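The sequence and structure come first.

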Amino acid sequence: MQRINLNGTWQLSYGPQQEASRTQPPAGWPVIPASVPGNVELDLVAAGALPEPSIGDNIYRLRAYEGHEWWYRRTFNAPALGPGQHAELVFDGIDCVADIWLNGMLIGHTDNMLIPHQFDVTGVIKTAQAGEDCELIVRIHSAVLEGRKQPPEPLNSAFATNWESINVRKAPHMYGWDIMPRAVSAGLWRDVALQIVESSRWRSAYWTTLRTDPADRTATVLVDWDFVTDRIDVDHLRVRATVGQAVSLFNVVGTHGRAQINLRDVDLWWPRGYGQPALYDATLELIDADGTVLDTHHARIGLRTLALRYTDVTTPEQPGEFVFVVNGERIFVKGTNWVPLDAFHARDPQHLGPQTGMIADLNCNMIRCWGGNVYEGHAFFDLCDQLGVLVWQDFAMACAIYPQTDEFAARIRTEAEAIVLQLRNHPSLALWAGNNEIDEAYAWSSLSIDPNTDRLSRHVLPEVVRRLDPHRPYLPSSPYRSPAYVQRQKSIDALPEPFNAQPEQHLWGPRDDFKGPFYTRSLAHFASEIGYHGCPDRRSLEQFLDPGYVWPWQNNEQWLTHATRPHPAMTDWNYRIALMGKQIGVLFDQVPDNLDDYVLASQISQAEAKKFFIEWFRQGKWRRTGILWWNLRDGWPIISDAIVDYYGRRKLAYTYIKRVQSDVCVICCEPRDGRHAIIAVNDTRSPARGHAQVCDADTQQVLLETNFTVDANDIQTIGHIAQTSRQAMWLIDWSAGGQTALRNHYLVGHRPFKLEDYRRWLDMLTLTSSPL
């Protein structure tokens, strides 16, 4: 296959949307250069027509362009087509509702930002002379006006600024979210290319692992293939399948085939901590009678089985489970939520490498790709494959009740088929989840409708996964409200303190004391969202706030804008700024009245909270089986739960999380019966032997010193320390398995603490960088 790159500089015309049918923009509209891949807002900034939207309140200026249409134009030289060759025009991402013309001929229409689109343009290319200019025009309609065409029905629900989104297949966050600004963008946001393909070519290839034996180092893989050809007689064709050094040859009796391949002396693919993520080149070659290779399909696969074991409910009397199992081994999950890399997704590639590097540095073994985002592409999944990071993939729907019509169901089916076919060969892909918090949205709705009646998550999506990726688990929603759970909730409505019986939960709640009962009494086996606020440092605040708005935070409109208020008249997210101050007050005796101390206190508050959340789940292994904290990095300059801001500046929580997510970790537990248990947890497949010491940071008194051994993938109490009411910081040092000595800590005594005491202790934590 030959791929002709059509990226680069295009022409862009724009103006208020015109309803009249036309193939050219109206005369007199502005014409500016446009970058492809790109977003129209970035082109407006580059042309001087729009100020930088991330500064101050400038994001609200985008509102004036929401009713615009956008015309892209470029020319390219027509290629010469050989016998039997076809030409396909491919848009890896069009945002979003668009018409496309080539040499004046309407060749297609798109209505989905989230999937690639391709159009057969063989006839148009053949009518042009080789080397002749071809004119390509793309008209992108206003997504907001498109969303208004179909009125919501009483069943539907959405955030106040998001009603226009539920009928339009764009990333949900673009209409405004509590972690992203309202930026209803448009553009050719991923690559554009002309592909020249042969008449005999692969249409699909599916690789999956049926069995593994870690002890014997064997595996059985299944490969399922399909090709297209203009040949009527295919009896003389053959398929050659290669996995690593193993080669198998198959005769062809039709254009579709399937085979099992037994492999010996192989390395399996494991998540981080549990082994190496071994990858193998897997190729399929279509060969004719003369031995000529007509087409080759390449993949990088990992040999691993994966299952998700979960129960519908969990109770104190009958504890359930929610646990991932890889190659027969239970995996304790430590990871984060993957949110938009940028409000303008054409810039995503520049953030991808640094952010996945931080995922590895923090020793995350799972990422949850949140359902309010776009779908990441092969570049992201290739990195996760290489790093041994499992991926929980939500389908791109979030916090709303979407249309249940035949037409919308068909659009979701088409989207899901495209995404499943694109990503299913990646070993890192662990789970398809139907959506983010839509089961919860049914509960938020005043209609009190059972989420198990949702057509999209209970019928359309599981049917697609079952047909196209039958060996990968599917979860209807995150969190999931099963029929058994819904029935149980109905039966306990009259009780004074009903507990949440969902095995997997998003632990937000009151967002108060991070050691409070909401967190410590939760029955959740698995937290797929949990977070705490942390203020960005002074440099970042000064970078995205106008002078005069950097401090104080009270009654500060720009702090609210970056909190993130999607519209000046909307107040739903305004609580987030005051909440950050309240969370400081949980830990310290006062909320600082100057910016630098406020930033420090807020970052300490966030760091202690997230450290505790991870430690709490790890010390409960295997009653608790995983935590995906919210979140790694901001996709816009905001004030949030992220531990890295948009500019890449790390908050204190980054360092704390890195320490408590080490494969082997020593943790001080909360006091019970007058003493603190000191535990060692081992998230590897080998026994861990090491040495630990706990001492008082101020007095240097050694409170515990011991050698320890922890069985593979297990947890062990290695000592106890008497409870004390004196405020102090205990330093916990340990080494195990030849790794460099690590340091954890524990805050002792009743809160609140004094910021000056904690500032002194910070100097003793051997931090690699300042929290400011």
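Which element gives the most to the lining of the largest pocket? Strand β19 does, with seven residues. The model is predicted, with local features needing pLDDT of at least 70, side-chain atom pairs counting only at pLDDT 80 or more, and totals for chains, interfaces and linings using all residues. Residues are numbered from 1 along each chain as its sequence is written, and side-chain values use heavy atoms, leaving out hydrogens and water.

**Largest pocket**
- Its volume is about 2000 Å³.
- Of its 49 lining residues, Pro 116, Gln 118, Gln 195, His 378 and Gln 422 are the closest to the centre.
- A pocket here is an open set of points on a 1 Å grid over the protein atoms alone, where a 1.4 Å probe fits, with protein on both sides within 12 Å along at least five of seven lines; lining residues have an atom within 4 Å of a point.
- Elements that each supply at least two lining residues include β5 (86–91), β12 (192–197) and α6 (406–423).

**Second largest pocket**
- This pocket has a volume of about 740 Å³.
- It is lined by 34 residues, and those nearest its centre are Glu 437, Trp 444, His 506, Trp 508 and Gly 509.

- Helices (H or I, at least four residues) and strands (E, at least two) are DSSP runs, numbered from the N terminus.

Terms used:
Grid points are joined across faces, edges and corners, and a volume is the space filled by probe spheres set on the points.
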